[in-house]
Amino acid sequence: MLMVCLYVDDLICTGNDKAIFEIFKESMMIEFDMIDLGIMHYFLGIEALHSATGIFLCQNKYLQEVLDRFGMSNCNFINTPTERGTKLVKDSPGRNVNSTLYKQIVGSLMHLTATRPNIMNAVSMVSRYMKSPKETHLLAAKRILRYLQGTTDFGLFYCKGAKSKLFGFCDSDYAGDLDDRKSTSGHAFMLGFATISWCSKKQPIVTLSTTEAEFIAAATCASQVLWLRNILEELQFKQKYSTKLFCDNSSAIKLSKNPVFHGKCKHIDVKYHFLRNLSKEGVIDLVFCKSTNQVAYIFTKPLTVDSFEKFRKLLGVCTMQDAT
């Protein structure tokens with residue numbers, strides 16, 4: 001995500017800020033044997049399309065290669081990467097499939113999440129079964145490719161002149177994994193009107209309530225806040241105010257601000273309680289939002305077509321034509 005941050009910064013910086021990049025390039029060229037190739041157009045499978053209104057990042061060429069490689073270039077298009085209500089399990093019925101082929105598909109999908117955050121949850125789900133994949137796991141992975149086949153021209157658009165205020169969303173899916181009953185955390189950070197950092201990951205511990213699951217998701221998200229604020233400060237975009245973190249669980253918000261609830265959360269690992277300190281110090285501001293506006297929802301569970309397309313748009317994922 002650092003690369004995306006640099007591009008966003010290049011879009012919204014002027015004057016003295018751009019001189020910083022020139023100084024950085026010169027110092028790198030002195031230290032290493034390298035040349036300046038100018039504005040980036042293609043890097044590690046990521047295409048950068050520049051226009052008067054901003055930068056559009058996509059992986060159209062790489063995606064076509066992936067679809068051809070796995071014989072999915074002529075498959076039927078589907079509207080969502082995961083069917084609503086899908087629950088994969090380790091010991092699902094059906095025969096084992098070629099694990100090497102499965103790993104190749106999942107690895108390719110992981111690289112595609114660099115510009116397609118809307119498939120992050122689906123890819124995270126199928127990546128849990130790399131050791132001994134079954135037929136159902138392979139079908140779930142191929143469904144993601146079927147979705148991508150109909151949306152090859154989608155990507156992330158970073159608008160020129162967008163505001164540089166950082167804010168984020170965090171969410172969790174309580175006890176969503178049927179194998180070990182661990183929850184899934186998801187978060188997204190926006191700078192302007194497009195996502196610069198996102199994650200969908202199974203939590204390391206089993207939680208005992210939705211409040212605890214949301215609290216741990218927010219604490220994990222808070223760690224990312226600190227990293228992003230430091231990165232932006234290095235890029236001369238220091239965040240003057242607290243970073244708003246939107247959460248749809250009021251109990252988790254109260255727990256992060258009110259020590260009166262200490263008796264109800266003694267069992268929560270100490271390392272997650274630094275969220276309280278960050279909230280008290282004004283680094284982050286945990287704010288309630290309705291589930292219908294919770295962008296991180298797309299990172300924690302399969303959604304209906306309408307909800308999926310709504311949150312996809314809020315993430316800033318679109319076509320070049322829609323962007324302009």
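Colleague: How many residues of the chain count as buried, as a percentage?

Modeller: Of the 324 residues, 49% count as buried. Buried means under 20% relative accessible area, exposed means over 50%, and partly exposed lies in between, with a 1.4 Å probe and protein chains only. This is a predicted model, where local features need pLDDT of at least 70, side-chain atom pairs count only at pLDDT 80 or more, and totals for chains, interfaces and linings use all residues. Residues are numbered from 1 along each chain as its sequence is written, and side-chain values use heavy atoms, with hydrogens and water left out.

Colleague: What is in the largest nonpolar core?

Modeller: That core has 78 residues, and Leu 145 and Leu 148 have the most contacts inside it. Helix H7, residues 210–234, gives the most to this core, with eight residues. A nonpolar core is a set of buried Ala, Val, Leu, Ile, Met, Phe, Trp, Tyr and Cys residues joined through side-chain atoms within 4.5 Å. In soluble globular proteins, nonpolar side chains tend to be buried together.

Colleague: What is Leu 145 in contact with?

Modeller: Leaving aside neighbours within four places in sequence, Leu 145 is in contact with Val 66, Leu 67, Phe 70, Met 72, Cys 75, Ile 105 and Leu 109. Contact means heavy atoms within 4.5 Å. Of these, Cys 75 is buried, at 16% relative accessible area.

Colleague: You mention a cysteine. How many disulfides?

Modeller: The count is zero disulfides, a disulfide being a pair of cysteine sulfur atoms within 2.5 Å. Another cysteine, Cys 159, is partly exposed at 36%.

Colleague: New topic. How many aromatic pairs are there?

Modeller: There are five. Rings of Phe, Tyr and Trp (its six-membered ring) pair if their centres lie within 6.5 Å; planes under 30 degrees apart count as stacked, over 60 as edge-to-face and the rest as tilted. Phe 167 and Phe 169 have ring centres 6.0 Å apart and planes at 75°, so they are edge-to-face.

Colleague: Is Phe 169 buried or exposed?

Modeller: Phe 169 is buried, with a relative accessible area of 9%, while Phe 167 is partly exposed at 24%. Phe 169 also makes a stacked pair with Phe 246, at 5.1 Å centre to centre and 25° between the planes.

Colleague: Where do those two sit in the chain?

Modeller: Phe 169 is in strand S5 (residues 166–173) and Phe 246 in strand S8 (residues 243–247), 77 residues apart. Phe 246 counts as buried, at 18% relative accessibility. Phe 167, Phe 169 and Phe 246 form one aromatic cluster.

Colleague: Last one. Where is Gln 59 found?

Modeller: Gln 59 is in the loop between strand S3 (54–58) and helix H3 (60–69). With a relative accessible area of 3%, Gln 59 is buried.

Colleague: What does Gln 59 touch?

Modeller: Not counting residues up to four places away in sequence, Gln 59 touches Gly 45, Ile 46, Glu 47, His 111, Leu 112, Ala 114 and Thr 115.

Methods. Helix = DSSP H or I, 4+ residues; strand = E, 2+ residues; numbered from the N terminus.
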